[in-house]
Amino acid sequence: IEDENDIEDYFRRQQNLYLHLEQTAAEDWVAEDEKHSIVGWARSIERDKHLQLTHFFVSTTAQGRGVGGSLLNLAFPLDRGQQRSIIATTNTKALSLYLRQDVSFRGMAFSFFAEPQVRALDSDLEIEQAEASAETLQNILAIDTEILGYSRPTDLEFFMSNQPTYLFRRNGDLAAYAFGCDGNSAGPGAALDAEDVPALLHRIEQSACEVKLEALWLTIPTAAKQAVNWALSSGYQIDPFHEVLLAKNPTMQFDRYIMTQSAFLW
């Protein structure tokens, strides 16, 4: 983003998420030059021994001088995290640093966008909009932990307080969850059965229609084949910007997961 007004508008739309990450950060470091101007920034969050790098920037004026490596040593230290992960851009300079941080390539994710439509749902799932409560949190945690491999109640409480929350059941048994669209963000969501993921996207899209959103953006891992097929068959386009998914251990089941939008955290 180059236009200052666009930057201000972007921050206004995403400020709740930025503040949440700032207030719950594990490590949060900046680098200053000799004039005390900030030339680099790195932040990580830690949830249940899962360390994730959420933001990393180095000014073009400071690149190639060891600033990035020093920031990563502080914000994403190698001796922390039974699981470690980064949702990375395709910037090759950054990737060359990330791949030294005890993480490996685990897949890619694309941003899909379209004008949301009201569609018929072909699913036997029962869908309920749930209240933000301790019971709802425990239901979501049960699925989230199985799919991602770790527990993150702090983030789930944030999503519940800002977005509509949907639970999906089959014959009374919990099968999936999804956070709908609040006008700025959509997702995440996860299903115990990958075949059920399109139903989550359908409900997220319906929530976007309810708030009269002109364009819905979805971040979907390429491993989630059912989700990708739903998006493409529903007229969604793929944005040229895409993300590289890096993690220490191959435990996260991306084939049945929808990421957050914007994807600073899973």
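The legends below describe several close-up views of a predicted model. Because the model is predicted, local features need pLDDT of at least 70 and side-chain atom pairs count only at pLDDT 80 or more, whereas totals for chains, interfaces and linings use all residues. Residues are numbered from 1 along each chain as its sequence is written, and side-chain values use heavy atoms, with hydrogens and water left out.

**View 1. An aromatic pair formed by Phe-56 and Tyr-98**. A pair of aromatic rings is described by the distance of the centres and the angle of the planes. Rings of Phe, Tyr and Trp (its six-membered ring) pair if their centres lie within 6.5 Å, and planes under 30 degrees apart count as stacked, over 60 as edge-to-face and the rest as tilted. By this rule the count comes to 10 aromatic pairs. One of them joins Phe-56 and Tyr-98, which are edge-to-face with 5.7 Å from centre to centre and 65° between the planes. This pair links distant parts of the chain, since Phe-56 belongs to strand E3 (residues 50–58) and Tyr-98 to helix H3 (residues 92–98), 42 residues apart; here helices (H or I, at least four residues) and strands (E, at least two) are DSSP runs, numbered from the N terminus. Both Phe-56 and Tyr-98 are buried, a word that means under 20% relative accessible area, with exposed being over 50% and partly exposed in between (1.4 Å probe, protein chains only).

**View 2. Helix H5 beside helices H4 and H1**. The axes of helix H4 (residues 134–148) and helix H5 (residues 153–162) come within 10 Å and cross at roughly 125°, where axes are lines fitted to C-alpha atoms, for helices over the stretch in contact, and angles run from 0 to 180 degrees between N-to-C directions. H4 and H5 are therefore oblique to each other, while helix H1 (residues 4–23) packs against H5 at about 155°, with the axes 11 Å apart, and is therefore roughly antiparallel to H5. For these words, angles under 35 degrees count as roughly parallel, over 145 as roughly antiparallel, 65 to 115 as roughly perpendicular and the rest as oblique.

**View 3. A cis peptide bond between Gly-187 and Pro-188**. Most residues other than glycine have a negative phi, and most peptide bonds are trans. The bond that joins Gly-187 and Pro-188 is cis, with omega about 10°, and Pro-188 lies in the loop between strand E8 (173–179) and strand E9 (189–191).

**View 4. The surroundings of Gln-261**. The peptide bond from Gln-261 to Ser-262 is also cis, with omega near 10°, and Ser-262 is found in the segment after strand E12 (257–258). Gln-261 has 16% relative accessibility and therefore counts as buried. Leaving aside neighbours within four places in sequence, Gln-261 is in contact (heavy atoms within 4.5 Å) with several residues, including Ser-111, Asn-184 and Trp-217.

**View 5. Positive phi at Asp-48 and Lys-212**. Asp-48 is not a glycine, yet its phi is positive at about 55°, and this residue is found in the loop between strand E2 (38–47) and E3. Lys-212, in the loop between helix H6 (197–210) and strand E10 (216–221), has a positive phi near 55°. With 73% relative accessibility, Lys-212 counts as exposed.
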